[in-house]
Amino acid sequence: MTFNRRTLIGSALALAACDGRIDAAAQPTSRGPAPALRDLAPFPFGTQLISDELSIPGVADLARRHFDQVNTGFELKMEYIVQADGRLRFDGGDRLAAFCRANNQVLHGHTLVWYADQPAWFERLDGSRRAFEAAFDGYISEVAGRYAGRARAWDVVNEPVTDEGSELRESLWSRNLGQDGHFVRAFEQARQADPDAILFTNDYHLESNPTKRRTFLNLVERMVRRGVPIDGIGTQCHVSVDLPRGALTQSMRDIASLGLPVHVSEFDCSMIPDGVFPASRRDRETAQIRLYEEALESYASLPAAQQYGFTVWGVRDAESWLRRTDYGGDASDTPLLFDDEGRPKPVFWSVAETLGG
Ligand code: XIL
């Protein structure tokens, strides 16, 4: 059966009619109800959530209808969990875990160790080797242990390679435990805390910076050879409309060549070009659709055993991190599948058609 837009909408209408109602998140549009992307995708199709977003009218409905995996954008990071006095806070993570359980969704924990997260409680141990080791091990053991059976996977070490791409990052963690040492320790502690979790390392700009991609993949290969329990590779894929055609495809091919499960972990496509790009909105919308399609098609071409999941980094444009000016974002950016009111955008329909085959 060949899928085309008409088939897709026809089947969605038939489905909606058979249960006598159209799901609130189906957003009846001139094209008919928006088909549930999680039902169309041939692999786990995820989004990123912060638990407060579940209280925004319509966001929870969209998240449960279209996605079968949830990546925790903030509340399973040290910056949320570790309090000034060292106590650990889990209300946000627990709320997301409960949402996933209620909606038959996979919870992906992001992230146990990140150069950008250096809580004061750890910084005060800087240089005290034994105390630092005990605190590091204890943190990973408590957090990964708490979500054992609830989080299917973890980003264990996030963004280990420098922005420029030729070196591994220095951080509070590498300074106290060693460049390789902190990486090995984090994965071994996570494995010990939750033997069933799938353990990832995750980085960005692998599609636009071949040097960084090579450095990252060399690190993974070296660690796997050392017997470090790395189960998968996360490629964030925060792209912009001026990313050249084919870059995502080549990157996916190189990453998959290691034979491990691959997670497209944080896909969004900024309408603000990194470089020089035609200013017309129509050209940028066309480029955005093309990049979503290329990412999904190159991901779908991977062997099924390597398709851990494809995660879009957020539900509505309104909550996108790319709108955050404190992260160098632009308040006008529209990188996601749903607009500020939660309506499906043209790129949503293209993604539905691409997922549906
Ligand atoms: C961002 C989240 O989207 C924000 O909500 C949070 O406040 C800061 O972090 N790469 C990553 C993610 O691995 O953790 C970042 O997420 C985006 C860049």
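Modeller: Let us begin with strand E6 (residues 232-235), which pairs with E8 in the parallel sense over 3 bridges; please keep in mind that this is a predicted model.

Colleague: Which other strands pair with E8, and in what sense?

Modeller: Strand E7 (residues 238-240) pairs with E8 in the parallel sense over 3 bridges, and histidine 238 has aspartate 268 of E8 as its bridge partner. From E7 the chain passes through helix H11 (residues 247-256) to E8, in a β-α-β crossover that is right-handed. E8 also pairs with strand E9 (residues 307-312), again in the parallel sense, over 4 bridges, and there phenylalanine 267 has valine 312 of E9 as its bridge partner.

Colleague: Why is E8 called largely enclosed?

Modeller: A residue counts as buried when its relative accessible area is under 20%. In strand E8 (residues 262-270), 9 of the 9 residues are buried, so the strand is largely enclosed by the rest of the structure.

Colleague: How do you know that helix H13 is largely enclosed?

Modeller: In H13 (residues 346-355), 8 of the 10 residues are buried, and therefore the helix is largely enclosed by the rest of the structure. Among the buried residues are Phe348, Trp349 and Leu355. H13 is followed by glycine 357, whose phi is positive, near 95 degrees.

Definitions and conventions
Residues are numbered from 1 along each chain as its sequence is written. This is a predicted model: local features need pLDDT of at least 70, side-chain atom pairs count only at pLDDT 80 or more; totals for chains, interfaces and linings use all residues. Side-chain values use heavy atoms; hydrogens and water are left out. Buried means under 20% relative accessible area, exposed over 50%, partly exposed in between (1.4 Å probe, protein chains only). Helices (H or I, at least four residues) and strands (E, at least two) are DSSP runs, numbered from the N terminus. Two strands pair if DSSP finds at least two bridges between them. A crossover is right-handed if, with the strands pointing away from the viewer, the path from the first strand over the helix to the second runs clockwise.
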